[in-house]
Amino acid sequence: MRAITFDQPGDEDVLAWTEIPDPSAGPGEVVVQVAAAGVNNADLMQRRGGYPVPPGASPVLGLEASGTVIEIGDGVTDWSVGDRVAALLSGGGYAERVAVPAAQLLAVPAGLDLVAAAGLPEAACTVFSNVGMIAGLRPGQSLLVHGGTSGMGSHAIQWAHALGARVFATAGSDAKLEAARGFGADVAINHRSEDFVAVIHDATDGVGVDVVLDIVGPSYLQRNIEVLAPNGHVVVIGSVGSEPDAPLDLGLLMRKRGSVSATTLRARPAEEKAAIVDRVRQDVWPFVTDGRIVPVIDTVLPMQRAGDAHRLVTAGGTIGKVLLTP
């Protein structure tokens, strides 16, 4: 089969569409004929040499894909050849075929385009494992989503809105603010011209929000604490740049009885990923099936143009996901 590979870390031009051995389904696995793969910031980090491949994972880029099951491994009973699936991967999505543990598959509803479905698994599993499982967002509570028009942010807004939470979102342009409102954000804040802490305090009579979903990292940490409601939780799922001396007022965090967590998904053990996918199947996928959550797709490019896809994501002008098709 063909896949996107690179011999050494570098810029987008190191990516090449080359022949590699076909995958086979081991025990508990299936092989999926890839319809599309999602492009994530982790892929860009790996290409640059900043995201080591976990032991046993495919070195091929791609942490999510959609497609059709074409091979079943020993012990797999819940899936059949021909099933339409979306897959959470530890790697291997930028290819014509990929082997994946059967426990990391989600059924693509009949009304959902198979290519577009590739934009769901990574966002659904990351958002729910952090905002749902760790922070425990409930109906009637409030959520602040930074980067509200990213693939992750657009999904988080839709899920929280469908859950019955009040959603605040930050974005950097009028077009993105309008898009965030379209996804279900109750209040959209331009982080370039407005102080999100002041806006949210005004909108909540000084109470703040119950959960903050942060893709920015150190430079936002103190302000996230300031905007947090009592007993609130900040979940950090990304970091832009490096600020080892970023301030944090621990006294304020303690007075608010707040908490902060930071996680990644790729390196988690298979059993943890299976548990997350199972919870997503129960608590998120019904909203996908009934149309309250849809994958937000900015651009679809052929796999051979993976370098161009990475440039698009790096530029930061996209709304939703960038996908690659073999």
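## Helix pairs and nonpolar cores

The axes of helix H5 (residues 196–203) and helix H6 (residues 218–226) cross at roughly 15° and come within 10 Å. This is a predicted model, so treat what follows as a guided tour of that prediction. Two packed helices are described by the angle between their axes and the distance between the axes.

**Helices H5 and H6**

- With angles under 35 degrees counting as roughly parallel, H5 and H6 are therefore roughly parallel to each other.
- The crossing in which H5 passes H6 is right-handed.
- On the H5 side, Phe-196, Val-197 and His-201 make the contact, and Tyr-220, Arg-223, Asn-224 and Glu-226 make it on the H6 side.
- Sorted by class, this contact of H5 with H6 has three nonpolar, two polar and two charged residues.

**Helices H2 and H8**

- Helix H2 (residues 121–134) and helix H8 (residues 270–283) have axes that cross at roughly 85° and come within 9 Å.
- H2 brings Ala-124, Cys-125, Phe-128, Ser-129 and Met-133 to the contact, while H8 brings Ile-276, Val-277, Arg-279, Val-280 and Asp-283.
- The residues of the contact of H2 with H8 are seven nonpolar, one polar and two charged.

**Nonpolar cores**

- In soluble globular proteins, nonpolar side chains tend to be buried together.
- The largest nonpolar core has 49 residues, and among those touching the most other members are Val-131, Trp-159 and Val-280.
- Beyond its neighbours within four places in sequence, Val-131 is in contact with residues including Leu-137, Leu-143, Trp-159 and Leu-213.
- A second, separate core has 19 residues, including Met-1, Leu-44, Leu-61 and Ala-95.

Key:
Residues are numbered from 1 along each chain as its sequence is written. This is a predicted model: local features need pLDDT of at least 70, side-chain atom pairs count only at pLDDT 80 or more; totals for chains, interfaces and linings use all residues. Side-chain values use heavy atoms; hydrogens and water are left out. Axes are lines fitted to C-alpha atoms, for helices over the stretch in contact, and angles run from 0 to 180 degrees between N-to-C directions. Helices (H or I, at least four residues) and strands (E, at least two) are DSSP runs, numbered from the N terminus. Contact means heavy atoms within 4.5 Å. Ala, Val, Leu, Ile, Met, Phe, Trp, Tyr, Cys and Pro count as nonpolar, Asp, Glu, Lys and Arg as charged, and the others, Gly among them, as polar. A nonpolar core is a set of buried Ala, Val, Leu, Ile, Met, Phe, Trp, Tyr and Cys residues joined through side-chain atoms within 4.5 Å. Buried means under 20% relative accessible area, exposed over 50%, partly exposed in between (1.4 Å probe, protein chains only). Angles under 35 degrees count as roughly parallel, over 145 as roughly antiparallel, 65 to 115 as roughly perpendicular and the rest as oblique. A crossing is left-handed if the near helix is turned anticlockwise from the far one by less than a right angle, and right-handed if clockwise.
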